[in-house]
Each structure stands twice: as C-alpha cells, then as structure tokens.
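Me: I am new to this structure. Could you walk me through how to read it?

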Amino acid sequence: MLRLLETPTMPTLDQIPVGQRARIEALHGSDGLVQRLYEMGLLEGEEVEVIALAPMGDPMELQLRDYRLSLRCSEAARIQVTPL
Amino acid sequence: MATPSLPVETPIASDRLTVALLGNPNTGKTTLFNALAGLRQRVGNYPGVTVETKKGQMTCCGKVFDVVDLPGTYSLAPRSPDEMVAVDLILGHQEGEKQPDVVVSIVDASNLERNLYLTTQALELGVPVVLALNMMDVAAGQGLRLDVERLAQQMALPVVPLQANKGVGLDRLRQVLAEVASHHPTSAQGQKRPSFPAAFEQEVAALQAMVGEEVAPYLVRRLLLDVGGYTEQRLGQTLGASLAQQVQAARQRLASVGCSVPGVEARTRYGWIREVTAGCVQRPAQRPVTWTDRLDRVLTHRLWGTLIFLVMMFLVFQSIFTAARPLMDWINAGKGLLAGWLRDSLPIGPLTSLLVDGVVAGVGGVLVFLPQILILFGFIALLEDCGYMARAAFLMDKLMSRCGLSGKSFIPMLSSVACAVPGIMATRVIEHRRDRLATILVAPLMSCSARLPVYILLIGAFLSVGRPWWLPGVVMFALYALGLVLAPLVALLLKRTLLRGETPVFVLEMPSYKCPSARLVLRRMLESAWNFLYRAGTLILASMIVVWALLYFPSTDREDPQQRSFEEVLATLDQPLSDRRDEQKEKEEKLADLRVQLTQLKVQEQTLPLAQRGAAHQQCQQLEAALVPLEGEINDLKTAIAEIEKAHNHITERWKQQSLLGRLGKLLEPVVEPLGWDWRIGVAALASFPAREVVVGTLGIIYEVGEVDPGELSEAKEVAQTRLARALQEAKWEEGSARAGQKVYSVPTALSLMVFFALCCQCASTLAVIRRETGSWRWPAFTFTYMTVLAYVGALVVYQVGTGLFG
C-alpha cells in the first residue's frame, strides 16, 4: 500500500495496451493469487508483452519467459509495471 | 455379460519399487505415463478429494516397477485437499500408498525456467529426482539449444532428453529410473537445492521445533510460505490457534528484513534456476516467429478468433446432436429387436418382463448415451491436446465470469444443450472445485435433446392447429431460452450462497499449439466411455429396474374371473389380433392385385379396335364389382382390429392404474392438481424418473393408445394428427374429480407440463453421473430437489397465470 502512495503514476499491467512491453516492478498482496503469479514466473524485474485482449476486453494474453499466459484484468491490476 | 477388462486392485508388494511422475500441465506427462505404464492402468481415488491418480506397471532390467501419475500442477504449494494429494503421496503420507523411490520431474524443454520451479520443490521432499526434458523437438523448433550434460552437472541430477510422443529417449529413462530407484534413499542426499535466505531458514527451524519432528520439514516451509494455504488449515486443527499467531509473527519478521512471503520463495527458486541453467540454454538473438505466434494472431483475435470459436462450437454441438443420431437409432433399433425376440421366445411372466422391460430397456437406455459421450470427448481431447482449449476458455471468460464462473465452464454448459451427461463429465477440465460444482449443478437446467420429444408432442397437439403460425416456434424458443437464462442465474446464486468463497485464480497457461495425437484422443474417448458405463451405467440400470417393478406389480387382474395376471389376459388378445392382421394383409394384397389387373385391362381396352371393346369392358365391370365386397371385408377387419387394440389398451390402463406407481399417482393427485394435471400425468411424470422422454411413452399407455416410440415423434411432422395427440386433446377429467367431464388439457396445462419438464431433473443418468463426478450422494440429491422445486413452482405459475389470462 505504501509503495502505491509513493508512486501514484506507475501503471498496472491491465493498463498496458496490446503490443506493448513492460517490466514488472511490484506485486501487491500475499494471497493465493499473488502466490500463483509468482509461481508462474511473474517476478519483479521480469519483462512481459501484452499479446492480445479477449473479445470483451478481458482477459489478456501475455508473453513472458518462454511461454504465454492469460490473466484476468482484475488479476493484472495487482502487478505494477514500467512500460518499455 | 463380459467381466470388466480393467485389472483388479492388487495390494502393492512392499519390495516393489515405485516411480512417481510429477509435472506441469501441458508437458506431455500423460503421454509419458502411457508410454511407461502401458495399457494396464488403474485409477486411484482418495477420500474427500476429486482428483485421481493413475497407476500402472513398468518393467526394466528384469524388475517390475509401479508407476504413479500425479495430478498435473504448477507448484507443490497446496491450497486445497485436491492439491495436497501430490504432496502427501511424495512424502509417503497418503494412506495405502507407499512413498515413491524416485520422482520423475517431467519438464517442457521449450519453457525450461518456469517448469523447473516445480522441480526445485520436488528436490526438497527427500526423494531422488530424475529430470525428464520432454519436447526437445519443440525447443529445437524455437531455436533453443540445450546443453543437456551441462545442465545435469550444474543441477547435480540425472537428466534425460525425451520426445515422449515419438518414443525417443524412453529406454534411457527407464534405465536411469531403475538405477536411481535401487539406490534410494542414499541418492537423494547428494541432491542440490535452492538455498533460502538465512532469516527464512531460522524461522523454519523455530517453527519446526514448535510443531515437532513428526511434521515433515517440507510442510513446515509450506506453513510459513502459503498464506491461507491448506497446510495452515491442516496443522492448525491439531496444533491450535497459537500456531497461527506464531506463523503470522514470523511472516512479519521476515517482511521487515525484506524476505516477505510469498515473494521470497519465487525469488529464491527462480534465482537458483537462473544459476543452474546458466550457459545451458542458447537462445537465438531474435526470437523466431513460431506457429503459435501466427495461429494466436488469428485464434485469439477479437473478431476472427470469436468467429472461428463460434463455428467450431457449432460443429461440436451439431455433431453431438446429429452425428450421434444414427448411432443412437441403431442402439434403439437393436434394443427393440432383442426385446421383440425375447418376448416371442420366452414364456409370459414377471421374469420375462423384467428381462425385456427392465434389463434390456435399461441396458439400451445406458448404451444410448455412448455415441454422444464418445463424440464430445473426442472433440474435447482433440481441442485440449492441440492447445486450443485454453484459447476457448480465454475467449469465453468474460461472458462466463458474469455468472461467477470462468471460461472453462463454457464447453460443459454448451454440451449440456445436447445432453447433460457428457456435459457434466466434461467439467473435469475445470480445476477449481467450487466452479466445477456450480457448473455440474446447473448443467442439467440446459434444455437437452431428451426434452425435445415432450415439447414436440405437446406443442404439436395443442399449439399448432388453429393457432398463429408463429406460436409453435416462439414456444419452442421460449422453452430453450428458459434453460439458457436460468442456468447462469442459478450458478450465480449458488456461487453467492452455497458455494461462496474467494474468487478462484484464473491465471491460465496458453500452451504452444501442437499436432494432436490420435492415440491420446482415442484413449480419452474410451476412458470416458468406460467411466460412464462402469460407474454410472449400473446406477441407471438399477433405477430403470425399480421403475419397471413399480409399474409392473401387482400384476394380477382382479376383475378377471380366473384371476389371471394382466399379461396373461393381454396375451389372449394377441392371437385374434395377429390372425386378423394377417387376414387384413392378405386381403389388401389381393385387392392391390385386382386393381393392377383392372388398370392393365383398361389400358388394353383403349388399344383394341372398337368392335372388340365390348367384351373387355364387360370384364372390367366384373372386376370392379369384385372389388367392392373385398373393400368392405377389409374395413370390417380394420374395425375389429381397432376394437381389440382398444380392449388391449384398456386392460393396460387398468394395470398401470392398479400398479404401485399408479396408486402413488392417485395419492399425489392433490399435489399436481394446482399444475392443471390429473393423476395420469402425475404417474407419467413419476415414471419418467429414469429419463424424461419416457413420459411420452407412458402417456401413450395411460391414454389407451398403445406404446409410443419417442423417436417416432421427432419425425412426425403432423404431430397433431397422431393418435396420442388426438387422445390427449380428447382426454377428460375422470368421474369423481371436481372437474369431471372437462377436458384435462387446456393450453395452460400443456404449457405447465412443458415448463415442468424443461426444469425438472427427471433423468437418472444425470443424477448417476453427478454422483460419480462429485463422489457423494449429497449433490445429486441437492440437484434433484432444487430442480424439482423449481419445476413445480414454474409449472404452477404458468398454469395459474395462464388460466387467469385465458380462462
């Protein structure tokens, strides 16, 4: 929460448009969702690319490491990123 | 009947070595397991969980090994009893299972880092690990070059490169497994593992001291790492609330030194993975454009992706609906032939009736689902194996999330429009338990194809003649829409009440596309068919036999002077009936012959010279005169036959009325009267418990028109003209009823009956499959109850409002 207040302009992953790359800065929370995101390799410092959005704008398809992953926008909103 | 071909459960010999297979989904784990374990496999179920493990045997170097296939997972951080199974099994805590002597960690070589995450967890379980690098060809296709020997050196593990789908590397893997397993447990000691920060290890040691040595070290780490995880729940039960406070305090201390959970685990493991894979993977400077990239550009495209998805779903749906039809017709025809042959060759009596109307009809009723199950599971296996299933869930997720479900519920729900039985079986693709349950519980609300005969009959009889041309279509649409609208609403309600809980994590891997394996697809189809027959089939058969008995007994006709059974009385009508039918046929043939002669004569007459026509004309007149009495005789025969049939049906009706089910129907008349039904509809509804479509046949028997084949109705265009439809239109309330003499079926009654059958769960197969998939009787009982209440209320509202509006 504190970090959110310090950097109010930093976007979250769900705000990144299709085709854009971004670097992960922080994940917020300690629940099962964040644990799963970590396990899937969404770590601080890792780079991801938004590949596509589903027909109704949610969920989103990502490319990271050597594979592709789909996240709901509400899940991506837990990830703070820097657009590259 | 042939005995099941699956091997019988044999106790595990203590001296036999066990190999466990662990891996992420989409790594070819099933293919590897099938290759190692061969055809003789059995399924292991554990109490309280919905996941299964598969077991088989592998022979290598003259020794036999047990092979266990663990459920596919991304991590050994259990959040539910289902996810705990793999951990318990590897730790040797699963009751009735021996701790494995070696774990094969199968990884996708083209996606090494993320796959190795699970391997690093396996390294902490005290069992030797062998790394199987699968899909080496896919990695090569992406331009990745792997230095296998260096990887083995840096990880200090045996590493075997594989192409499991082509059988490449399997012999080597077997040898390595045999070697490592025989040296257990010493070989586990030399294994490297990621080292966690010192602060973390201190907290783990402190916790271990608190919970005692009997708790495995791995579980103590999980206790600390998994916030709200299953280890917390399980240890909390035995160790009390103070433990939770201690764990909480430890997590806070860790956070203050920059090792906050759960991030510390991922950082440590991925950091270590980067270290041990350094220099082992060579990537091309520019990531090549793969087939997956190209296909995804179209298949997950907003417009094209959706269109292709819809077309594909239409094909799936259409084939369950129509391609299965001929097969189902054959099964029904076979059932009819066998029943007819048995009835002709066996003496009359309860045993024959049990065999014909109970067993043969029941087995037929079970087998008839097989074509749909095989087709649907063929598609599902195909879509899953080629990697498209994840895309389908991706495309449909937003829509399904509106009713609290996820994209994975879409295909099971859609399949349920054809038939809920394969639909419910298809919910296996949903990993999340509450989502899966919610989908299972609402799937039977979708309007399945078995409802169609009921709709066709009643719409045909009451809403087609003398009504606006658009009415039948609108009513049919409304009945389908009823299910389509109610199913999501009930799902939402369930997810907000009974199945409430935190929103399940969606996070879905989109695997690379690959060519599906015909063998795997075929295997999944056969497995699903077997599962259905073995686990659900027996229950369906039993329910059919129960309903048969309730409609059969008591079988003595008390009005008969000799107190014969109804069947015997009915049999006395058989001979006169078949005699008259033969006679009728004979006379009709003769008539047809004469008509042909007459026509020929008339043609000849035209070609003759005028002088000779007189004789020919006379001959024609003679023939015509002979036709008249013959036609009369045939008409008399027809009347006689109709009389006998009527007597036959009358006896049958009395029989059904006297039967246990008939009495129950009479008792229940006050309950069904507010729906506009008389006892006869009540009995038909009760008797249709094994399967909805049976109601058409039962109505036929009770309304004295003889047995009706539901399959026949879907083809009869002019349903309103069929005898059953006419009988329904004419049916009157019986003497003694408050509405005696009035017609039973008004339009509101027909609507109320259709709404009832749209919403009720009169389908033993669905209930049996729910029992099989949820592992308890609670859920089928719940489904039956809520749907029957919904159906009753729906029918009540429709009838009361309907009569209020139209009189």
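Reply: Start with contacts. Two residues are in contact if their C-beta atoms, placed from the backbone, lie within 7 Å. In chain B, residues 24 or more positions apart account for 71% of the contacts with a separation of 6 or more. This is a predicted model: local features need pLDDT of at least 70, side-chain atom pairs count only at pLDDT 80 or more, and totals for chains, interfaces and linings use all residues. Residues are numbered from 1 along each chain as its sequence is written, while chains are lettered from A and ligands numbered from 1 in the order in which they are written.

Me: How many helices and strands does chain B have?
Reply: Helices (H or I, at least four residues) and strands (E, at least two) are DSSP runs, numbered from the N terminus. Chain B has 34 helices and 10 strands. Its C-alpha trace spans about 120 × 70 × 55 Å along the principal axes.

Me: What share of chain B counts as buried?
Reply: A residue is buried if 20 or more other C-beta atoms lie within 10 Å of its own, exposed if 12 or fewer, and partly exposed in between; C-beta atoms are placed from the backbone. By that rule, 42% of the 807 residues of chain B are buried. Look at helix α28(B), residues 679–687: 9 of its 9 residues are buried. Among them are B:W679, B:R680 and B:L686.

Me: Where does chain A touch chain B?
Reply: Count the contacts: 32 residues of chain A meet 34 residues of chain B. On the chain A side, α2 (32–39), β2 (47–53) and β4 (67–71) each supply at least two residues. The largest share, 8 residues, comes from α2(A). Next, sort by class. Ala, Val, Leu, Ile, Met, Phe, Trp, Tyr, Cys and Pro count as nonpolar, Asp, Glu, Lys and Arg as charged, and the others, Gly among them, as polar. The chain A side divides into 17 nonpolar, 5 polar and 10 charged residues.

Me: Which strands form the open sheet?
Reply: Two strands pair if DSSP finds at least two bridges between them. Here 6 strands form an open sheet, in the order β5(A)-β1(A)-β2(A)-β3(A)-β4(A)-β10(B), with antiparallel pairing. The edge strands, β5(A) and β10(B), each pair on one side only. β4(A) pairs with β10(B), residues 508–510, over 3 bridges. There, A:L69 has B:E509 as its bridge partner. β4(A) also pairs with β3(A), residues 60–64, over 5 bridges.

Me: At what angle do α8(B) and α11(B) pack?
Reply: Axes are lines fitted to C-alpha atoms, for helices over the stretch in contact, and angles run from 0 to 180 degrees between N-to-C directions. Helices α8(B), residues 198–211, and α11(B), residues 241–256, pack at about 170 degrees, with their axes 10 Å apart. Angles under 35 degrees count as roughly parallel, over 145 as roughly antiparallel, 65 to 115 as roughly perpendicular and the rest as oblique. The two helices, α8(B) and α11(B), are therefore roughly antiparallel. The contact includes B:F200 and B:L207 of α8(B) and B:A250 and B:L254 of α11(B).

Me: Which domains does the assignment give chain B?
Reply: Domain bounds come from an automatic or database domain assignment. For chain B it gives domain 1 (17–189), domain 2 (198–289) and domain 3 (566–656). The C-alpha centres of domain 1 and domain 2 of chain B are 23 Å apart.
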